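Reader: Hi! Could you show me how to read salt bridges in a protein model?

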Amino acid sequence: MSVRPEAHAAASVLIIEDEPEIRRVLCTTLTQHGYHPHEASTGREGLAQAAARNPDLILLDLGLPDIDGLEIIRQVRHWAAIPIIVLSARGQETVKVTALDAGADDYVTKPFGVDELLARMRAVLRHAARTPGEKGESVFAIGDLRVDLERRQVRMSGKEIRLTAIEYKLLAVLVKHAGKVLTYRQLLKEVWGPLHVNETHYVRVYMQHLRNKLEAKPAHPRYFITELGVGYRLRTE
């Protein structure tokens, strides 16, 4: 059976993972979907390859034998904006939040499904590929939802939806980072400012407002996805 190449086929992916079996499976899967994988089994090797290859994406395990994955995220972020997806067996919410606040673009908990990982990869690569002024960048659309950032216009099934200033600002931040998990702290800083980064209830209240206005079934959201204990993600597909 042939495997259909991904939309971002030919992208180079650096896998920093100390377990050989996981590296082998990831390399095989990514190659089948048109990506160009490279491997590193330690943190030091991963940092060296990241600097030398400047990959399009990094898949990073946190539990490496020499350097903690969180430190690798911080070091890479000193010099590059390479998208980083954490792959880790550490499922605690505090670890996820720390990794995302340190600069990771997404977090996938082991064991994970291949389809889920590929979807997360597509999302962060799309986000990374955007450039200022890119034609069509101001319009986001998924399902019945359409957001025109240039016109500050929101439509559901063709009908314009009125949002308050805060609701629109929160939506705009999610659209600009569509597909990426945003922590409560990140959302609070961008929407309400740095003095309110501990007021997580603000985000919960206004997210419910958005769901009530933009989801057909607010209790079972299709677009605005909760990452329990971490934050929210605006789905892109």
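**Reading salt bridges**

Author: Exposed means over 50% relative accessible area, buried under 20%, and partly exposed in between (1.4 Å probe, protein chains only). This is a predicted model, where local features need pLDDT of at least 70 and side-chain atom pairs count only at pLDDT 80 or more, while totals for chains, interfaces and linings use all residues. Residues are numbered from 1 along each chain as its sequence is written, and side-chain values use heavy atoms, leaving out hydrogens and water.

Reader: Which residue forms a salt bridge with Arg 162?

Author: In general, a salt bridge is a side-chain nitrogen of Lys or Arg within 4 Å of a carboxyl oxygen of Asp or Glu. Here the partner of Arg 162 is Glu 160, with the closest N and O atoms 3.4 Å apart. Glu 160 is partly exposed, at 31%.

Reader: How many salt bridges does the structure hold?

Author: There are 15. One of them joins the side chains of Asp 61 and Lys 110 (3.4 Å, N to O). Asp 61 lies in strand β3 (residues 57-61) and Lys 110 in the loop between β5 (106-109) and α5 (114-129), so the pair ties together parts 49 residues apart in sequence. Helices (H or I, at least four residues) and strands (E, at least two) are DSSP runs, numbered from the N terminus.

Reader: Is Asp 61 buried or exposed?

Author: Asp 61 is buried, at 5%, and Lys 110 is buried too, at 16%.

Reader: Which residues are linked in a network of salt bridges?

Author: Asp 106, Glu 116, Arg 120, Glu 227 and Arg 233.
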